[in-house]
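Here is a short tour of the model you have open. Take a look at the fold, then follow the notes below.

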Amino acid sequence: MSSNTYGYIADTGPTQAYGNLPRKYNPVNAMGRIEFLVVAGGGGGSAQYSGGGAGGYRTSYGSGNISGAEAAVEGDLAFTKTSTFTVTVGAGGAGSGASGSGVGTKGSDSVFSSVTSTGGGGANGTDSGSTSKDGGSGGGSNGAGGHTPGSGTAGQGKNGGTGLGSGTYAAGGGGGAKTVGGNGSGSTGGNGGDGLYSSITGTAVVRAGGGAGTAEGTATSGTGGSGGGGNAGASGGNNAGSAGTTNLGGGGGGGHYQTDYAAGGNGGSGVVILRTKNVLSVGSGLTYSVASDNGDTVYSFTAGTGTVTVESVYN
């Protein structure tokens with residue numbers, strides 16, 4: 001018998017035969033583990049060309065340096081029967097409007113109990129002094145006025161890329177969970193940083209890619225990072241940036257300026273995925289699906305916020 005699951009021998013409690021000697025048995029509450037992947041909403045892209053940062057990425061599933069910013073995986077959380085915890089799926093941040101002063105909005109946090117992933121940084125977007133925002137992964141910079149890119153959060157994502165600040169104003173891409181956003185170079189916007197793969201559902205999926213940057217005129221637009229990062233607006237017109245992919249936490253792409261500003265793309269919403277042998281009861285306010293993989297139950301939460309209860313515990 002596992003003492004931490006079923007109980008322990010002590011001097012108080014119900015009498016229990018143990019060999020030839022009387023002993024006391026104190027039951028303890030069984031603990032059931034839950035593996036997790038928590039991805040926040042991505043940051044919005046900017047009309048001044050830069051891409052939004054991916055939502056923060058935290059996981060306990062797997063092994064090695066495969067959590068956000070290539071940190072080591074975290075420890076699983078454990079719960080007793082009847083325990084409750086909160087799940088929140090972060091929304092993506094809004095891309096800026098078609099204005100030179102537009103700044104992409106930071107994505108919203110995603111939460112599983114005590115684990116919070118930080119929303120992706122909004123892209124930089126004004127000539128007059130504001131900087132791109134920090135987040136799970138940092139938003140890219142357009143470089144004008146000495147602006148610097150946003151910083152990622154330790155253990156969640158990488159920094160955004162840097163823009164040129166002159167000439168074509170080629171802007172940086174947003175950071176991803178795995179790699180830093182690309183820098184603007186010459187007449188080419190920076191690509192979004194790449195995300196990370198996880199097989200927590202039983203299928204390998206890459207999530208949390210950064211949004212791409214672009215530049216003025218006939219410049220070449222960047223490509224969104226793998227894992228749902230939005231592409232920058234296509235060159236050859238005043239084209240809005242693409243949105244980050246829903247439930248992948250990708251950053252929005254920057255808008256392309258031909259003769260006028262174009263809107264930045266919205267960030268993609270995040271996701272919370274829990275893998276366990278426990279039986280969970282999901283309260284109102286959450287959109288989710290349930291699947292099975294190799295003897296485990298996988299709960300995928302794709303929108304909302306609410307309370308989850310542990311109905312039964314197994315290990």
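This is a predicted model: local features need pLDDT of at least 70, side-chain atom pairs count only at pLDDT 80 or more; totals for chains, interfaces and linings use all residues.

The mean pLDDT of the chain is 89.

**Strand β11 and its partners**
- Strand β11 covers residues 271-276, and six of its six residues are buried.
- Strand β3 (residues 32-39) pairs with β11 in the antiparallel sense, over six bridges. Within this pairing, T276 of β11 is the bridge partner of I34.
- Strand β14 (residues 296-312) also runs antiparallel to β11, and five bridges join them. Here V272 has F301 of β14 as its bridge partner.

**The nonpolar cores**
- The largest nonpolar core has 20 residues, and those touching the most other members are F85, V87, F112, L274 and F301.
- At least two residues of this core come from each of β3, β5, β6 (84-88), β11, β12 (279-282) and β14. Strand β14 gives the largest share, four residues.
- A second, separate core holds eleven residues, among them A54, Y57, A208 and V298.
- As background, nonpolar side chains in soluble globular proteins tend to be buried together.
- Which residues does F301 touch, leaving out those up to four places away in sequence? Its contacts are V87, V89, V271, V272, L274, V282, L286, T287, Y288 and V308.

**Aromatic residues**
- The structure holds seven aromatic pairs. One of them joins F85 and F112 edge-to-face, at 5.1 Å centre to centre with 80 degrees between the planes.
- This pair links distant parts of the chain, since F85 sits in strand β6 and F112 in strand β7 (residues 110-112), 27 residues apart.
- F85 counts as buried because its relative accessibility is 3%, under the 20% cut-off. F112 is buried too, with a relative accessible area of 0%.
- F85 and F112 belong to one aromatic cluster with F36 and F79.

**A closer look at F79**
- F79 is located in strand β5 (residues 77-79). Its relative accessibility is 9%, so F79 counts as buried.
- Although F79 and G32 are 47 residues apart in sequence, their C-alpha atoms are 5.3 Å apart in space.
- Beyond four places in sequence, the contacts of F79 include A30, M31, G32 and I34. F79 is also in contact with F85, F112, S113, V310 and V313.

**A buried serine in a loop**
- Where is S137? It lies in the loop between β8 (115-117) and β9 (196-198).
- S137 is buried because its relative accessible area is 0%.
- A polar atom of the S137 side chain lies 3.3 Å from the backbone nitrogen of K158.
- Leaving aside neighbours within four places in sequence, S137 is in contact with residues including G53, A54, G120, G121, S151 and G152. Others in contact with S137 include G157, K158, G175, G176 and A177.

**Confidence along the chain**
- pLDDT reaches 70 or more for 88% of the residues.
- Residues 1-13 have a pLDDT below 50, and this stretch has 32 contacts in the model beyond near neighbours in sequence.
- Residues 20-26 also stay under 50 in pLDDT, and the model has 30 contacts for them beyond four places in sequence.

Technical notes: Residues are numbered from 1 along each chain as its sequence is written. Side-chain values use heavy atoms; hydrogens and water are left out. Buried means under 20% relative accessible area, exposed over 50%, partly exposed in between (1.4 Å probe, protein chains only). A polar contact is a pair of N or O atoms within 3.5 Å; within protein, one must be able to donate a hydrogen and the other to accept it, and residues adjacent in sequence count only if both atoms are side-chain atoms. Contact means heavy atoms within 4.5 Å. Two strands pair if DSSP finds at least two bridges between them. A nonpolar core is a set of buried Ala, Val, Leu, Ile, Met, Phe, Trp, Tyr and Cys residues joined through side-chain atoms within 4.5 Å. pLDDT is the predictor's confidence in each residue, from 0 to 100. Rings of Phe, Tyr and Trp (its six-membered ring) pair if their centres lie within 6.5 Å; planes under 30 degrees apart count as stacked, over 60 as edge-to-face and the rest as tilted.
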